Structures are given as C-alpha cells and as structure tokens.
Amino acid sequence: MVGALRDLIQFLKLEQTENGFEWVSQTNMFAQVKQKSSKNMSSSKNIISAVGLVVPIAEITIRKRYITLDNALMFRGQHYFITNIEEHPDSRNFYKVTAAAITPKICSVQRRTAELDPVYNRPILSDNTKITFPACVIKEKAKTEVETPRTNTEQSLVIVVPKAITLNVGEQITLGGKVWRVIEPYEFDEWKNEYEIIRNDDA
C-alpha cells in the first residue's frame with residue numbers, strides 16, 4: 001500500500017534560454033520521499049555513471065504523470081538527478097522514482113556560428129557567444145609531474161549533462177572559474193551525455 005504523499009517537491013524541466021540551458025521549475029507536487037539513512041550507507045548510494053560517482057539517493061513516490069529521465073526533481077533545496085522510473089509495486093497509479101542527490105554546476109562555452117553572406121554567398125563567422133549550461137561533476141582526479149624547475153599538475157573531471165547539451169572535443173569550457181578542455185565524449189546513453197575535461201596547472 002502506498003502511504004500518504006506529504007512531501008512537497010518541484011518538478012523540473014531543462015529549457016533552452018537566450019543564453020543557453022537551465023533547469024526550470026514546472027510545477028509543485030506532493031510526493032513521498034524516502035532518503036536512505038547513514039546507517040544503511042552501502043545501500044543508500046547510486047552510481048549515476050558507468051565511470052564514476054556514487055552518491056546518496058532517494059526513493060520518491062509520485063502519482064503517475066508524464067515524466068522521463070530528461071526531467072529532474074528538487075526537494076528541500078536539493079537537486080535530484082533521476083536515474084530510474086518504474087511503476088510502484090503497490091499501485092499502478094503511482095511511480096517509484098529513484099534519484100541521486102547531486103547539485104549541478106553552471107558551466108559555459110564560447111561559440112561562434114556561421115551565417116551565409118547574401119552578397120558574396122560565403123559563410124561569415126559571428127562574434128563569440130557565451131552559452132551556459134548545467135553539469136554534474138561525477139569523477140575527479142589529479143596527476144602531478146615534477147619537472148625541474150616547475151611542477152605540472154593535470155586535473156581531470158568527468159561531467160554529466162542532459163542529452164540536449166553537446167560539447168565538441170577540443171572546446172574550452174569554464175567551470176568553477178577555471179578553463180577546461182574537452183578531450184573525450186561519452187554520448188552513448190539515451191538520456192545524458194558525459195565528457196572528460198582536463199586542465200593543467202604549472203607551478
């Protein structure tokens with residue numbers, strides 16, 4: 001039997017704006033949110049990527065409505081990345097949604113677009129346009145190489161973005177006030193894209 005839905009959550013949708021993409025609240029709805037306790041930490045984590053992070057999860061019961069893995073949820077100020085949606089075992093009128101508690105970071109990329117010159121019939125590049133988008137950091141590592149007279153530290157991150165967002169190998173993105181370069185795409189999933197990005201610090 002499904003219990004009472006007493007937790008107020010926000011239903012989020014990724015929307016394209018003039019300057020990029022952002023998560024936008026579509027509606028509030030009542031749900032039943034079960035967050036795993038620290039006593040059961042081994043079962044309260046959920047891998048949201050084949051390459052990386054394991055984070056606390058919640059099992060959220062909602063009434064059946066249109067919802068996909070393209071959406072996200074917000075509960076008590078915490079962003080939840082949806083990893084699974086299934087019919088509730090106790091009632092066909094409800095969904096059981098599994099979601100990972102992870103906060104997306106705001107990233108940006110500079111891009112130029114090509115427009116056709118109507119007079120000379122040739123492409124003209126536009127000025128750089130800043131495009132912002134949300135990304136979840138799911139894996140982080142650093143490698144330090146000591147070379148006299150300086151030390152080089154290479155930092156590597158893997159980020160997850162909604163499927164609507166695509167990045168190109170070699171593009172530079174800004175994340176956390178630092179500039180990173182895209183080196184490897186993982187775009188096989190139906191609902192999300194993953195990218196490995198790196199940066200080098202010389203000391």
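Guide: Here is a quick tour, from the fold to the cores, the confidence and a pocket.

Visitor: Where do these coordinates come from?
Guide: This is a predicted model, where local features need pLDDT of at least 70, side-chain atom pairs count only at pLDDT 80 or more, and totals for chains, interfaces and linings use all residues. Residues are numbered from 1 along each chain as its sequence is written, and side-chain values use heavy atoms, with hydrogens and water left out.

Visitor: How many helices and strands are there?
Guide: The chain has zero helices and 15 strands. Both are DSSP runs numbered from the N terminus, with at least four residues of H or I for a helix and at least two of E for a strand.

Visitor: And what share of it is buried?
Guide: 38% of the 203 residues are buried, meaning under 20% relative accessible area with a 1.4 Å probe and protein chains only; exposed is over 50%, and partly exposed is in between.

Visitor: Which residues touch the most others in the largest nonpolar core?
Guide: That core has 18 residues, and Phe 133, Ile 159, Val 161, Leu 167, Ile 173, Leu 175 and Ile 197 touch the most other members. Strands giving two or more residues to this core include strand 11 (129-147) and strand 12 (150-162). A nonpolar core here is a set of buried Ala, Val, Leu, Ile, Met, Phe, Trp, Tyr and Cys residues joined through side-chain atoms within 4.5 Å.

Visitor: Switching topic, what's the average pLDDT?
Guide: It averages 85 over the chain, and 80% of the residues score at least 70; pLDDT is the predictor's confidence in each residue, from 0 to 100. Over residues 38-44, pLDDT stays under 50.

Visitor: What about Arg 76, buried or exposed?
Guide: Arg 76 counts as exposed, at 72% relative accessibility. Arg 76 is in the loop between strand 5 and strand 6 (78-87), and has a positive phi of about 50° although it is not a glycine.

Visitor: Last one: which residues line the largest pocket?
Guide: Among them are Phe 11, Lys 13, Arg 65, Tyr 66, Asp 70 and Lys 163. Strand 1 (residues 7-17) gives the largest share of the lining, three residues. A pocket is an open set of points on a 1 Å grid over the protein atoms alone, where a 1.4 Å probe fits, with protein on both sides within 12 Å along at least five of seven lines; lining residues have an atom within 4 Å of a point.

Methods. Contact means heavy atoms within 4.5 Å.
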